[in-house]
Amino acid sequence: MTTPRTFSHIGLSVPDLDAAVKFYSEVLGFYVVMQPTEAVEEDTAIGVMCTDVFGPGWGSLRIAHLATADGIGIEIFEFPGNYAPEEKLEHKRHGTFHFAIQDPDVEGLLERIIAAGGKQRMPVREYFPGEKPYRMVYVEDPFGIVFELYSHSYELTYSAGAYA
């Protein structure tokens, strides 16, 4: 039998690393585990790892590490020559198209995200209107990264016991 694995971290690419660290730490409350630093293409452990991932000629990048309250890592990159995608939510493209953050005060966090330059992509919706207080909303950070806010845990929202 396969044992479930834990989720370690997600990597985000942003146009301004310092602004992103400020947003994710001050608005979402993530811990800054490692302040922004530069990695260069050279014969160091991180340099070699990046060459393995990006191929020769990647040059340099800036990186910071943050963590959520439950220890999930948020690895934020700023690459030279970065650019915004043509569509912010390429939901038909294979790969990751969003992640979710849990906060029982979805509306309060939504207000803070908007005040910090983020966007609300839809109205706050209830999964079981009038029955259970499970709410969600899709948002964008100030850099165009789309994510979702949940009021309750994933397993509680989707478990068989959650449905009437």
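Which strand gives the largest share of the lining of the second largest pocket? That share, four residues, comes from strand E1, residues 9-13. The structure is a predicted model, in which local features need pLDDT of at least 70 and side-chain atom pairs count only at pLDDT 80 or more, while totals for chains, interfaces and linings use all residues. Residues are numbered from 1 along each chain as its sequence is written, and side-chain values use heavy atoms, with hydrogens and water left out.

**Overall fold**
- The protein chain holds four helices and nine strands, where helices (H or I, at least four residues) and strands (E, at least two) are DSSP runs numbered from the N terminus.
- Along the sequence, these elements follow the pattern β-α-β-α-β-β-β-α-β-β-β-β-α.
- Taken along the principal axes, the C-alpha atoms fill a box of roughly 60 × 45 × 30 Å.
- Of the 164 residues in the protein chain, 36% are buried, with buried meaning under 20% relative accessible area, exposed over 50% and partly exposed in between (1.4 Å probe, protein chains only).

**Largest pocket**
- About 840 Å³ of space lies in the largest pocket; a pocket is an open set of points on a 1 Å grid over the protein atoms alone, where a 1.4 Å probe fits, with protein on both sides within 12 Å along at least five of seven lines, and lining residues have an atom within 4 Å of a point.
- Such a volume is the space filled by probe spheres set on the points, which are joined across faces, edges and corners.
- The lining of the largest pocket comprises 26 residues, and Asp70, Ile72, Ala100, Ile101 and Gln102 lie nearest the centre.
- Two or more lining residues come from each of strand E5 (100-102), helix H3 (106-115) and strand E9 (146-150), and E5 gives the most, with three.
- By class, this lining has 15 nonpolar, seven polar and four charged residues, where Ala, Val, Leu, Ile, Met, Phe, Trp, Tyr, Cys and Pro count as nonpolar, Asp, Glu, Lys and Arg as charged, and the others, Gly among them, as polar.

**Second largest pocket**
- The second largest pocket has about 720 Å³ of space, and among its 26 lining residues Ser13, Pro85, Arg93, Gly144 and Ile145 are the closest to the centre.
- Its lining divides into 14 nonpolar, eight polar and four charged residues.

- Val33 is found in strand E2, residues 31-40, and counts as exposed because its relative accessibility is 58%.
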